[in-house]
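Me: I am new to this structure and would like to understand how its labels are reached. Could we take them one at a time?

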Amino acid sequence: MKLHDGISGRLREFVEAQPMFFVATAPSGPGGHVNVSPKGMSGTFVVLGEHRVAYLDFHGSGAETIAHLQENARITIMFCAFQGPPNIVRFHGRGRAVPVTDPGFAELLKLFPDAPDHHGARSIIDVDVERVSDSCGYSVPLMAYEGDRDLLIRAHERRSDDDLAEYRQRKNGYSIDGRPVFASPQ
């Protein structure tokens, strides 16, 4: 394992070339569920500096990452080389979710000009990276990348802004541990 001063040079090139990454978060204390989520789609991850990254967070089946970030801000993002030389890169940091309803969302959204869809995004996850490391990845399998799936984009293009707001309330109102995320105030 090697520690890096920041995200630059070949390390940055490696990260930006990966079609997939994983996000891990956990609640504080001994209770609750640790969450790991696969992420992808070209143009949805950006390196904003040597110690800052962000990604588009789309409407989906759960909102664990947002719930955990609201509670303690801890996040790890991991990239694996599935093609070419073996490598694993991890960013440990403190993140925040900027929901589509936040006044700052529109400005941050401009950082993703190459994203295949903006309409289906429910938030932007903005991460201050405190630790950058890489390791060998010798046991990560070689796999061929065939392309991005368009199922999520197609599902959201059928929904209006009001439909997506209702979806957030109904499907992402609470985390699996009962933490409020997009729930309506009672």
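Predicted model: local features only at pLDDT ≥ 70, side-chain atom pairs only at ≥ 80, totals over all residues.

Me: What makes the contact of Glu-16 and Arg-12 a salt bridge?

Reply: The N to O distance between their side chains is 3.0 Å, and because the rule asks for a Lys or Arg nitrogen within 4 Å of a carboxyl oxygen of Asp or Glu, the pair qualifies. By this rule the count comes to ten salt bridges.

Me: Why is Glu-16 called partly exposed?

Reply: Its relative accessible area is 45%, and since buried means under 20% and exposed means over 50%, a value in between is called partly exposed. Arg-12, at 29%, is partly exposed by that reasoning too.

Me: How do you know that Asp-126 is buried?

Reply: The relative accessible area of Asp-126 is 6%, which falls under the 20% limit, so the residue counts as buried. Its salt-bridge partner Arg-52, at 2.9 Å from N to O, is partly exposed at 29%.

Me: Which parts of the chain does the salt bridge of Arg-122 and Asp-57 tie together?

Reply: The two side chains meet at 2.7 Å, N to O. Arg-122 lies in strand β8 and Asp-57 in strand β5, so the pair ties together parts that are 65 residues apart in sequence.

Note on methods. Residues numbered from 1 in each chain as written. Heavy atoms only, no water. Buried < 20%, exposed > 50% of the residue type's maximum accessible area, 1.4 Å probe, protein only. Helix = DSSP H or I, 4+ residues; strand = E, 2+ residues; numbered from the N terminus.
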